[in-house]
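Let us walk through this structure one step at a time. Keep the view open as you read.

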Amino acid sequence: MSVKIPIGPIHPMLKEPINFTFYVEGETIVDAEPNIGFVHRGIEKLTENKTWFQNLYLLEKVCGICSSSHQGCYAQGAEMIFEANVPEKALYIRTLMWELERLHSHLLWLGVIMHEIGFDTLFMYTWRDREAVMDLVEMISGRRVGYSINTIGGVRRDIDYRMLSKALDVANFIASRAEFYERVVLRERTILDRTDGVGVLSKVDAIRLNTVGPTARASGVKRDIRYNLPYAIYDETPFDIVTDDGCDVLSRIIVRIREMIVSAEIIKWIVFNMPKNGPIAAKITHFTKPPENEAISRVEAPRGELFYYIKSNGSLKPERVKIRTPTLANIVSVIHMVKGHYIADIPPIVAGIDPCMSCMDRVAIIDVRNDKKSLFNHDQLVRYAIKWYKKNYRWLREERR
Amino acid sequence: MSLMDELRARLGDLAREINVDKNNKVWIIVDLDKLKNALSLLREDGFDHLSTITGYDDGEKIHLIYHLIRFNDRNSEDVNVITFTDRDKSIAPSILDIYPSALVYEREVFDLLGVRFEGHKGLKRLLLPEDVPEDFHPLRKDFKINAER
Amino acid sequence: MVEGGEEIDMPWGIVLKEALRNLFKKPVTINYPVVNVEAPEGFRGLLSFNISKCLGCGNCARVCPTNTITMVPSDKTRLKRAPRFELAKCVFCGSCVEVCPTKAISFTRNYHTAVLKKDELVINP
């Protein structure tokens, strides 16, 4: 164990510390400055020292929640470099895993945002429902987290009738639960007070700042890599892009809930259209050398557009792997979103783009008027926010009307 | 191919070369001094989404690749604009006024490859701590790590 | 965007119903160290190694992404070397299981990886 210098891309997603500096005037935020890189692990540099196949398992560890998106995106790019013909069944299984991942990621996020606004009852329910997806994923791939289902040239495990019928059950169950959540979110006073009109990002700004994923779609931007630049089997899959014109945190909740219903529909379509038999991987071994080549691979991860640039120099190890995660693309939008809002709105706004829970581990709040600097940790901030809203919700409600 | 013709007509002398590879990806090679003109023309043509800026050091020069998308329902197109900068001087124009989202991407390339973007105010390290030495740019090819035990 | 005027003014309306219903259900969590869940078939748990099948080819050590496997000299195999596993480093990717020509390495369904000493997670040939 003598890796001394950690270098590479960071991954501002889950359980990852971000440091924001907010400039406030009284209760209102006038500017914000994110400071990232605290869990920079040097993965981009490390990929240059591992073989093509070893990198599959390294890049899966970039994110624990969307591990399959990362691995699949890398595998997709590597297949372009190896000029491999991926069997159709492999693409179906890969897409099934991607959609299951979207389901459990959105359920996890829904729990997180409910926790941020102090509505822990729904947090418990979403995480309980998420277990149904996790059990299915464990059954298909052999592990709950870090499925390692993709390989260069296809997938590693075949799927059988038992798993497909369970996938159908899970899709139906999650779709029914998502409808319930949508009803709750649109009717529950507690949620509406904290999210309606909070963290506004207009459509023009979303396009200008290149926002990606559900955050952009909640601002009415009809952009989805699955639909616009179809990969795997998405050009045959019938589905609609979910958008909402609210532009606030409430819209982001609703878009993600509706996306769960769409994902459940896609899973059902995959189950009914899965090729009966056939190979699941092209013949590429650990010791195959690729031609000199470069490739670009884009995948719609649960949080938005995931981008990989891969270059090979004809040896067993890649020359360069560039990763751009969706949260990095959205971080500029966060700065824009928080401006003009109250300190108490920071947790739902920052959680609204689906970064990590501990992203806000340490928030420095500088009061512009008397230049006092105080450090909040995340728990204190949530408690402060709940207390503040208890005190102020009456006039706020009037003001927002 | 219509996209190729459109790009050739639009960019004209600005592009040194326009290629399509086996995976139908378009690569536009431009000179460093024409980069901003080319990008603003592409931006006007609807390529308003900048996926990221890739920096890559091949040992002699640093490649900067700007990955753009034009969203148009099912007929969306993506192009990649490549430019090269000198390894020792490593200066490139900032495109912040064309693509505001380049804010973090330019900082990342500066951090890991040491390319200075002229016109980018507040260009500082993004990922590495601020107290590392000035010439510490890990993604350069002459930077070796003792990874393999 | 917000529909239905009356129900909104009914605080805790929908969730309260669901919460009351759940009061009379059994908890979904499991009392873990006391009660164990059976891992499903095909679970990728701790590795098990059968040295009598091993040839000593070293493919597993070459494909391992985390250097869990190192080849050490051994008299028990044909090529006079055998893998040594430091399971604390293992990421359960299964490359070694796939690449092994004689299926000497296999997954168990054991997911209890917490130990008191690191040595308990080492398989010596």
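This is a predicted model: local features need pLDDT of at least 70, side-chain atom pairs count only at pLDDT 80 or more; totals for chains, interfaces and linings use all residues.

Start at a boundary inside chain A. Across the interface of domain 1 and domain 2 of chain A, the rule finds 0 salt bridges. Polar contacts do occur there: 5 residue pairs, both partners at pLDDT 80 or more, are found across this interface.

Which elements of domain 1 of chain A touch domain 2 of chain A? Helices α12 (326–338), α13 (346–352) and α14 (378–400) of chain A each supply at least two residues of that side. The largest share comes from α14(A), with 8 residues. By type, this side of domain 1 of chain A holds 16 nonpolar, 6 polar and 4 charged residues.

Now step back to the two domains. Domain 1 of chain A is made of two stretches, 19–40 and 328–400. Domain 2 of chain A covers 43–324. The centres of the two domains of chain A, taken over C-alpha atoms, are 28 Å apart. At their interface, 26 residues of domain 1 of chain A contact 29 residues of domain 2 of chain A. The area buried between these domains is about 2,400 Å². Carbon and sulfur atoms give 57% of that area.

Next, pick out one residue. Arg177(A) lies in helix α6 (residues 161–187) of chain A. Is Arg177(A) buried or exposed? Its relative accessible area is 11%, under the 20% cut-off, so Arg177(A) counts as buried. The side chain of Arg177(A) makes a polar contact with the side chain of Asp129(A), at 2.7 Å. Leaving out residues up to four places away in sequence, Arg177(A) touches Tyr125(A), Arg128(A), Asp129(A) and Glu18(C).

Last, turn to chain A and chain B. Here 53 residues of chain A are in contact with 48 residues of chain B. The buried area is about 4,500 Å², and carbon and sulfur atoms give 55% of it. How many salt bridges does the rule find across the interface of chain A and chain B? It finds 6. Lys141(B) forms a salt bridge with Glu48(A), and their closest N and O atoms are 3.3 Å apart. Between chain A and chain B, 21 residue pairs are in polar contact, both partners at pLDDT 80 or more.

Several elements of chain A each supply at least two residues of the side that touches chain B, including α1 (43–47), β5 (293–301), β6 (304–312) and α12. The residues of this side of chain A divide into 25 nonpolar, 9 polar and 19 charged.

Key
Residues are numbered from 1 along each chain as its sequence is written. Chains are lettered from A and ligands numbered from 1 in the order in which they are written. Side-chain values use heavy atoms; hydrogens and water are left out. Domain bounds come from an automatic or database domain assignment. Contact means heavy atoms within 4.5 Å. Buried area is the accessible area (1.4 Å probe) that two parts lose on being put together, summed over both. A salt bridge is a side-chain nitrogen of Lys or Arg within 4 Å of a carboxyl oxygen of Asp or Glu. A polar contact is a pair of N or O atoms within 3.5 Å; within protein, one must be able to donate a hydrogen and the other to accept it, and residues adjacent in sequence count only if both atoms are side-chain atoms. Helices (H or I, at least four residues) and strands (E, at least two) are DSSP runs, numbered from the N terminus. Ala, Val, Leu, Ile, Met, Phe, Trp, Tyr, Cys and Pro count as nonpolar, Asp, Glu, Lys and Arg as charged, and the others, Gly among them, as polar. Buried means under 20% relative accessible area, exposed over 50%, partly exposed in between (1.4 Å probe, protein chains only).
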